[in-house]
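Dear colleague,

Please find below the structure that I am handing over to you. My notes on what was found in it follow directly after.

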Amino acid sequence: MQTDLQAIVSAFLTVLENRKSSDEIEPFYHPDAIQIEYPNTLTKNLTKRNLQQLKAASDRGLNVLQKEKYEVLHSYVYGNTVIIEVIWTGIFNIPLGNIPVGGEMKAYFAQFFEFRDGKIIRQRNYDCFEPFGG
């Protein structure tokens, strides 16, 4: 079971890196999925998203980013949960702070993916972005 869950998360990250539409992420999520993003530089308040809100956020990301990459440093399985530590890199379509169009941003993520029936039912993101002031 451990390898299966880790393989699902790995495939999910690959889809995130290469997606052209939010429809591509939907098969990974349980219909009742909830994602929680804890406050960070870009998201000032704790944010909870259902599947439709996740898809909308994914589509917004496609407009903001030219490319994104997920480098998994560590991956652990505990029961029905995969925990990953990731270095995320995004290349921007828009200027953000002191990052120009085509510029790069890095962030360090800890993400928790809880599964039900082989699908992500709960996702918790703890995201730490490098400074990019204006």
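The second largest pocket holds about 160 Å³ of space. A pocket here is found on a 1 Å grid over the protein atoms alone, as an open set of points where a 1.4 Å probe fits, with protein on both sides within 12 Å along at least five of seven lines; lining residues have an atom within 4 Å of a point. Grid points are joined across faces, edges and corners, and the volume is the space filled by probe spheres set on the points.

Please note that this is a predicted model, in which local features need pLDDT of at least 70 and side-chain atom pairs count only at pLDDT 80 or more, while totals for chains, interfaces and linings use all residues. Residues are numbered from 1 along each chain as its sequence is written, and side-chain values use heavy atoms, with hydrogens and water left out.

Among the residues lining the second largest pocket are Leu16, Arg19, Gly61 and Glu68. Elements α1, α2 and β3 each give two or more residues to this lining; helices (H or I, at least four residues) and strands (E, at least two) are DSSP runs, numbered from the N terminus. The largest share, four residues, comes from β3. By class, the lining divides into three nonpolar, three polar and five charged residues. Ala, Val, Leu, Ile, Met, Phe, Trp, Tyr, Cys and Pro count as nonpolar, Asp, Glu, Lys and Arg as charged, and the others, Gly among them, as polar.

The largest pocket has a volume of about 760 Å³. Of its 29 lining residues, Glu37, Arg49, Ala57, Gly61 and Glu68 are the closest to its centre. Helix α2 supplies the largest share of this lining, six residues. The lining has 16 nonpolar, seven polar and six charged residues.

Which order do the strands of the sheet follow? The open sheet has six strands in the order β2-β1-β6-β5-β4-β3, with mixed pairing; two strands pair if DSSP finds at least two bridges between them. The edge strands, β2 (47-50) and β3 (65-78), each pair on one side only. Strands β1 (residues 29-37) and β6 (residues 119-129) run parallel and are joined by five bridges. Glutamate 37 of the pocket lining stands opposite asparagine 125 in β6. Helix α2 (residues 51-64) packs on the sheet, touching β1, β2, β3 and β4 (81-92), where contact means heavy atoms within 4.5 Å.

Yours sincerely

Key: Axes are lines fitted to C-alpha atoms, for helices over the stretch in contact, and angles run from 0 to 180 degrees between N-to-C directions.
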